[in-house]
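Dear colleague,

Please find below the structure that I am handing over to you, together with its sequence. My notes on what was found in it follow.

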Number of protein chains: 2
Amino acid sequence: MTDTRPRPKRATIFDVAAEAKVSRGTVSRVLNGEPYVSESSRAAIEAAIRKVGYVRNTAARNLATQSSGAIALIVHEPHSVFVDDPNIGNILLGTNAALSDADYQLVSLVIDTERDSERVTGYLGGGFVDGAIIVSAREGDPISKAIADLHLPAVMVGRPDNQPQLPWIGIDNRGAARQIVERLIGTGRRRVGMIAAGLDRDSGRDRLAGFRDALGDDLDPALVSEQELYSFTAGVTGMTELLDRAPDIDGVFCASDAVAAGALDALRSAGRRVPEQVGVVGFDDSAWALRCQPLLSTVHQPAGVLGARAAELVLEQIRSGGRGSRAGVMLDTHVVWRDSA
Amino acid sequence: MTDTRPRPKRATIFDVAAEAKVSRGTVSRVLNGEPYVSESSRAAIEAAIRKVGYVRNTAARNLATQSSGAIALIVHEPHSVFVDDPNIGNILLGTNAALSDADYQLVSLVIDTERDSERVTGYLGGGFVDGAIIVSAREGDPISKAIADLHLPAVMVGRPDNQPQLPWIGIDNRGAARQIVERLIGTGRRRVGMIAAGLDRDSGRDRLAGFRDALGDDLDPALVSEQELYSFTAGVTGMTELLDRAPDIDGVFCASDAVAAGALDALRSAGRRVPEQVGVVGFDDSAWALRCQPLLSTVHQPAGVLGARAAELVLEQIRSGGRGSRAGVMLDTHVVWRDSA
């Protein structure tokens, strides 16, 4: 079934020149709208362009302005993003819609390995994008460092501890965590624990800090399980660990909705009733929250708006030649109380 | 908190020329490794490059070869992908790993609106990418048409009814659907229905055709609910509809695992026990399958391998100047029997 017919290659400016029987330079002058080209050459070139199916190379045309019309969205940990965190998908869609309005092309780049990290750095320095949005960077992340070195207009989603020179947009993870944990305690829980995750980034650390703020002196360190990723599996493992360490646990704050879904699963397997015996709360208000049984009480964060505002900020950096506001922007969150606590 | 200090712009070749006190043309000759540049100018230019922090524009350097070193992955319906279909995330990760091995940069482009579609077409024709992989295209999809017109090396994931000129890689959706439905019938079910979805693309139509193959003359059209997307919500709606139309239904084939998860939810709400009263099977063997209660019986498709092989096929098209094999490639699937039927 192999088709061995030659397939046409993409036409180049050389093909146009050969077809029109003029020099490459003459074709280039016509393409650039320059004067001093004879009408007959111009007509021949225009006919040749149609005949060979030449499509103008925008990457070339934009060299003079050092502009590509594209913005990178850099996503770390694609596994957890695509499988466990629909929230980041919503950030991406918000970014895409805002850039689309401004006629910019969003290109998403995933960083899955060390090698990806090096290659993406080269790509970012190669003139293919005019700016970048970095989502869920970790402490000491080499991409954020490279972007700063390149002076590429960029915005971080999340508060960057390690890259204060980049503007950022985020939410008050610490305050929001404190608020939902206080509400959980307010339902009469006496042994409240937390499944913490993502402690190598600001959101994870801040959610744990907010939990500590709410508990104060009542904090029992045995009631904190530290997991690596914001994932369903982390929730299963963390809840199993907490039930083992503290069988009398009656409330648990999960670092994300995916973690909470896993915790609910482990509680069901252990025969604990939610919310009667154990109250469970999450964080994100992502699609997970409405799929949990019982429906999850959680913190709503405006993921789509975060993405859209990040897009606006990076465009502002580009338009101002890097002189736009570099202050951090914090968006509001609120607690959504459903049935799991 | 606004920082109003001027922030350095990205250095251009003009900055290098000004710093080195030479013409732009001389800088260009040094960058291109051309001879006939005095040693003193060369040394001054190299010092200037370091001083102003100039980074070579790869988009420019690659113009001569019409090569960007990047491949686009075009994702239609990002909402359903990011929220409901971790399978497509796995295709993306497989593609990324294979392209990374070949030192190509994967850039993902989402098509969410008509406007996205037009802008992406322009981007693909603009010399920013050397090839494209199209995931989950619909019937008459304008992007696939545009790619064919541009003669851009491209591969489709899924069997393309409408674009036979593009090579593709996929699975035998029809045969696999028939196989799992026959197995479901084999558990003694007498009233087997289907929640169909994605009927505007080959995968959705083929899964429905396989269901029909398995049922043959026993097919009751009332037992097929047609939904738009492969989503959790489609499963809830479809199952509710089927229970209403045929309260005696005792088996259901869902067009994807996300659809099955929604169906299980609706069955639980309706007080039906799974698998005792109703057997449920899905399709994909994505992360959803292991999160369902009970664990989902489903068709395993090798999503990561699909992505990796799509990457290899597009690289083959690029290297051969479009003369690579254009035959379709079909990967194996198998039924994974768990607890839901």
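In chain B, helix α9 (residues 173-186) lies across the strands β6, β8 and β9, and its direction is at about 165° to that of β8(B). Please bear in mind that this is a predicted model.

The sheet of chain B

The strands of chain B form an open sheet of four, in the order β7-β6-β8-β9, with parallel pairing. Because β7 (224-226) and β9 (279-281) of chain B stand at the edges with a single partner strand each, one side of each has no neighbour in the sheet. On average, neighbouring strands here are turned by 15° against each other, direction ignored. Within this sheet, strand β6 (residues 192-196) of chain B runs parallel to strand β8 (residues 251-254) of chain B, and four bridges join the two. Opposite B:Met194 stands B:Phe253, a residue of β8(B).

The sheet of chain A

Chain A has an open sheet of four strands, paired in parallel and ordered β7-β6-β8-β9. Its edge strands, β7 (224-226) and β9 (279-281) of chain A, each pair on one side only. Strands β6 (residues 192-196) and β8 (residues 251-254) of chain A pair in the parallel sense over four bridges. The bridge partner of A:Ile195 in β8(A) is A:Cys254. Helix α12 (residues 257-269) of chain A packs on the sheet, where it touches β6, β8 and β9 of chain A. The direction of α12 makes about 160° with that of β9(A).

The second largest pocket

The second largest pocket holds about 530 Å³ of space. It is lined by 42 residues, and the closest to its centre are A:Ser136, A:Val157, A:Gly158, A:Asp202 and A:Ser203. Two or more lining residues come from each of α5 (78-84), α6 (86-101), β4 (154-157), β5 (168-171), α9 (173-186) and α10 (202-215) of chain A. Of these elements, α10(A) gives the most to the lining, with five residues. By residue type, the lining divides into 15 nonpolar, 12 polar and 15 charged residues. At least three lining residues are drawn from each of domain 2 (70-170 + 304-331) and domain 3 (173-300) of chain A.

With kind regards

Note on methods. Residues are numbered from 1 along each chain as its sequence is written. Chains are lettered from A and ligands numbered from 1 in the order in which they are written. This is a predicted model: local features need pLDDT of at least 70, side-chain atom pairs count only at pLDDT 80 or more; totals for chains, interfaces and linings use all residues. Side-chain values use heavy atoms; hydrogens and water are left out. On a 1 Å grid over the protein atoms alone, a cavity is a set of points where a 1.4 Å probe fits but cannot get out, and a pocket is an open set with protein on both sides within 12 Å along at least five of seven lines; lining residues have an atom within 4 Å of a point. Grid points are joined across faces, edges and corners, and a volume is the space filled by probe spheres set on the points. Ala, Val, Leu, Ile, Met, Phe, Trp, Tyr, Cys and Pro count as nonpolar, Asp, Glu, Lys and Arg as charged, and the others, Gly among them, as polar. Domain bounds come from an automatic or database domain assignment. Two strands pair if DSSP finds at least two bridges between them. Contact means heavy atoms within 4.5 Å. Axes are lines fitted to C-alpha atoms, for helices over the stretch in contact, and angles run from 0 to 180 degrees between N-to-C directions.
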